[in-house]
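Hi,

Here is the structure I promised to pass on.

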Amino acid sequence: MEYQNKLVLAPMVRVGTLPFRLLAAQYGADITYGEEIIDHRLIKCERRVNEVIGSTDFVEKGTESVVFRTCPEEKNHVVFQVGTSDAVRALTAAQLVCKDIAAFDVNMGCPKSFSISGGMGAALLSKPDLIHDILTTLKRNLDIPVTCKIRLLKSPQDTVELARRIERTGVSALTVHGRKVADRPRDPAKWNEIADVVAALSIPVIANGDVFEYEDFQRIKVATGASSVMVARGALWNASIFSPNGKLPWEDVKREYLRKSILWDNDVKSTKQTLKEMIMHYSCLELPEGKAINKACNLADLA
């Protein structure tokens with residue numbers, strides 16, 4: 001796994017399932033992160049090969065609930081992101097999926113209450129010893145790259161200090177989201193503080209925050225000096241942001257996403273959520289299409 005000059009799809013809950021990752025890759029994403037999955041959920045799973053659709057599924061034991069679905073086509077560029085607060089649990093989860101993924105990432109930036117209340121996500125930012133324990137445990141026991149994603153801390157100095165400590169664990173790369181935990185998506189990302197981290201480290205840094213057009217990939221790279229660039233909302237609204245030839249009409253992207261969701265038998269709730277996010281950005285859920293998507297019970301209804 002290389003981390004130089006890569007365009008990266010960010011982990012997005014309920015969005016970053018297999019069809020959306022393949023969609024982003026089709027348009028030019030070099031590395032695609034899956035949605036964050038909590039270690040507790042994954043370690044209850046068993047690995048199954050789904051010969052009907054050609055996927056590899058991690059299914060909760062005793063149920064038919066697919067927690068993570070991947071396929072050989074994305075093996076060399078898919079990153080599994082885990083939510084964890086415990087080194088042993090994180091390793092148990094990683095050992096289950098490591099043969100089917102390109103890299104394993106620890107979420108240290110999610111500000112949502114469900115993550116923080118479990119000591120995961122952004123809660124880890126104030127626990128550098130636990131971060132060290134989790135990352136060194138993973139690094140010692142896995143043959144694939146281990147990475148993590150953080151947010152900015154209260155001061156640039158604090159962020160740099162934590163980033164240096166993370167680098168010493170031997171991780172292959174570090175993603176920095178240019179916002180603090182309390183910041184909202186509408187608050188501008190602080191590219192200058194990402195640049196401080198880049199200047200202090202020798203490992204690749206992936207810059208994340210306020211990338212909405214293809215041209216922004218180069219802008220944030222120049223502004224921060226980062227090795228690679230990650231995009232979340234810009235890709236959610238139109239996954240063809242990764243294409244150097246310019247964005248396709250969002251209606252075309254929406255149809256291609258739904259086509260892939262049907263091909264890969266994607267979860268209906270996940271598919272609806274992703275379509276609604278696209279529609280809300282460009283249109284309105286109160287129009288007939290939006291209302292019909294809200295009422296849809298299965299993928300055929302959505303089609």
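This is a predicted model: local features need pLDDT of at least 70, side-chain atom pairs count only at pLDDT 80 or more; totals for chains, interfaces and linings use all residues.

Helix α1 itself covers residues 18-27 and is mostly covered, with 8 of its 10 residues buried. Those buried residues are Leu18, Pro19, Phe20, Arg21, Leu22, Leu23, Ala24 and Tyr27. Note that Arg21, a charged residue by class, is on that buried list.

Tyr27 turns up again through Leu248. The C-alpha atoms of Leu248 and Tyr27 are separated by 9.5 Å, although the two residues are 221 apart along the chain. Leu248 sits in the loop between α9 (233-237) and α10 (250-263). Is Leu248 buried or partly exposed? Its relative accessibility is 37%, so Leu248 counts as partly exposed. Setting aside neighbours within four places in sequence, Leu248 is in contact with Tyr27, Asn238, Ser240 and Val253.

Arg14 has a positive phi, near 65 degrees. Arg14 lies in the loop between β1 (7-9) and α1, and with a relative accessible area of 45% Arg14 is partly exposed.

The other one is Asp210, again not a glycine, with a positive phi of about 65 degrees. You'll find Asp210 in the loop between β11 (205-208) and α8 (214-224).

**A buried serine**

Ser228 belongs to strand β12, residues 228-231. At 1% relative accessibility, Ser228 counts as buried, because the cut-off for that is under 20%. What does the side chain of Ser228 have at 3.4 Å from one of its polar atoms? That is the backbone nitrogen of Asn5. Not counting residues up to four places away in sequence, Ser228 touches Tyr3, Gln4, Asn5, Lys6 and Val8, and also Val205, Ile206 and Ala207.

**Helix pairs**

Two packed helices are described by the angle between their axes and the distance between the axes.

The crossing of α6 past α7 is right-handed. On the α6 side the contact is made by Pro156, Thr159, Val160, Ala163, Arg164 and Glu167, and on the α7 side by Glu193, Asp196, Val197 and Ala200. Sorted by class, the contact of α6 with α7 has 5 nonpolar, 1 polar and 4 charged residues.

α3 with α5: helix α3 (residues 87-97) and helix α5 (residues 128-141) pack at an angle of about 35 degrees, their axes 9 Å apart. The crossing of α3 and α5 is right-handed. From α3 come Ala87, Ala90, Leu91, Ala94 and Gln95, which meet Asp133, Ile134, Thr137, Leu138 and Asn141 in α5. By class, the contact of α3 with α5 divides into 6 nonpolar residues, 3 polar and 1 charged.

α11 with α12: helix α11 (residues 268-282) packs on helix α12 (residues 288-295) at an angle of about 165 degrees, with the axes 10 Å apart. That makes α11 roughly antiparallel to α12. Their crossing is left-handed. Lys272, Leu275, Lys276 and Ile279 in α11 meet Glu289, Ile293, Asn294 and Lys295 in α12. The class count for the contact of α11 with α12 is 3 nonpolar, 1 polar and 4 charged residues.

Cheers

Technical notes
Residues are numbered from 1 along each chain as its sequence is written. Side-chain values use heavy atoms; hydrogens and water are left out. Axes are lines fitted to C-alpha atoms, for helices over the stretch in contact, and angles run from 0 to 180 degrees between N-to-C directions. Helices (H or I, at least four residues) and strands (E, at least two) are DSSP runs, numbered from the N terminus. Angles under 35 degrees count as roughly parallel, over 145 as roughly antiparallel, 65 to 115 as roughly perpendicular and the rest as oblique. A crossing is left-handed if the near helix is turned anticlockwise from the far one by less than a right angle, and right-handed if clockwise. Contact means heavy atoms within 4.5 Å. Buried means under 20% relative accessible area, exposed over 50%, partly exposed in between (1.4 Å probe, protein chains only). A polar contact is a pair of N or O atoms within 3.5 Å; within protein, one must be able to donate a hydrogen and the other to accept it, and residues adjacent in sequence count only if both atoms are side-chain atoms.
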